[in-house]
Amino acid sequence: MTFPPPQAVAANRDERELLLGFLRLQRELVLATTEGLSEAQARWRPDGRLIAVAGIVNHLTHVEWRWIDGSYGRNVVSRSEEEFVVGPERTLAELVAAYAARAEATERSVREAPGLDAPCIAPGLPGIDLRWVLLHLIEETAHHAGHAESTREMLDGHRSDY
């Protein structure tokens with residue numbers, strides 16, 4: 001999956017495709033902040049605060065994995081604070097490629113699901129379904145899209161055209 005420049009989500013009567021469209025847009029907004037960054041810039045954090053753009057991309061890859069493979073697919077998953085800090089052994093291009101691969105896996109799982117009311121599991125959240133998980137992924141990705149844009153603007157003044 002490639003990520004084109006962010007574009008508005010077209011109206012769609014298919015709720016599943018509409019939700020996937022909004023998730024895709026948020027991913028595109030996150031990845032628009034990576035354009036033209038050096039490896040050092042991708043790891044920059046203002047005064048050690050916030051999360052570097054590379055960390056955001058890596059974290060969001062793990063978020064989709066936890067919610068789709070874990071909550072929906074019921075596979076064993078884990079969470080680690082280390083996903084927010086990416087060492088020099090992984091390039092920004094590798095992180096973006098991993099995010100694209102995860103996006104494809106997420107979209108495939110959602111499209112193959114029997115419906116958006118497919119039950120999911122999460123500690124402390126009884127009764128959630130795949131619709132809830134998709135809405136949460138949109139929410140989480142949108143949160144970090146804004147975070148990535150703020151970090152990028154502090155870094156070099158670059159602002160999204162979207």
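1. Which helix gives the largest share of the lining of the largest pocket? That is α3, with 6 residues. Please keep in mind throughout that this is a predicted model.

2. Staying with the largest pocket, its space comes to about 280 Å³. The lining is made up of 15 residues, and those closest to the centre are Arg66, Trp67, Val77, Ala122 and Pro123. Helices α3 and α5 each contribute at least two residues to this lining.

3. Trp67 sits in helix α3 (residues 53–72) and Trp132 in helix α5, so the pair ties together parts that lie 65 residues apart in sequence.

4. Are the two tryptophans buried or exposed? Trp67 has a relative accessible area of 16%, so it is buried; the cut-off for that class is under 20%.

5. With a relative accessibility of 12%, Thr61 counts as buried. Leaving aside residues up to four places away in sequence, Thr61 touches Leu95, Ala98, Tyr99 and Arg102.

6. On to α5, which spans residues 130–156 and includes His136. His136 counts as buried because its relative accessibility is 17%, under the 20% limit. The side chain of His136 makes a polar contact of 3.0 Å with the side chain of Glu139. As a reminder, an α-helix has 3.6 residues a turn, so residues three or four places apart point the same way.

7. Last, helix α1, which covers residues 15–32 and has 18 residues. From first C-alpha to last, α1 reaches 26 Å, close to the 26 Å expected at 1.5 Å a residue. How many residues of α1 are buried? The count is 13 of 18, so α1 is mostly covered. At the start of α1, a side-chain oxygen of Asp14 comes to within 3.0 Å of the backbone nitrogen of Arg16.

Methods
Residues are numbered from 1 along each chain as its sequence is written. This is a predicted model: local features need pLDDT of at least 70, side-chain atom pairs count only at pLDDT 80 or more; totals for chains, interfaces and linings use all residues. Side-chain values use heavy atoms; hydrogens and water are left out. Helices (H or I, at least four residues) and strands (E, at least two) are DSSP runs, numbered from the N terminus. The expected span of a helix is 1.5 Å times one less than its number of residues. Buried means under 20% relative accessible area, exposed over 50%, partly exposed in between (1.4 Å probe, protein chains only). A polar contact is a pair of N or O atoms within 3.5 Å; within protein, one must be able to donate a hydrogen and the other to accept it, and residues adjacent in sequence count only if both atoms are side-chain atoms. Contact means heavy atoms within 4.5 Å. On a 1 Å grid over the protein atoms alone, a cavity is a set of points where a 1.4 Å probe fits but cannot get out, and a pocket is an open set with protein on both sides within 12 Å along at least five of seven lines; lining residues have an atom within 4 Å of a point. Grid points are joined across faces, edges and corners, and a volume is the space filled by probe spheres set on the points.
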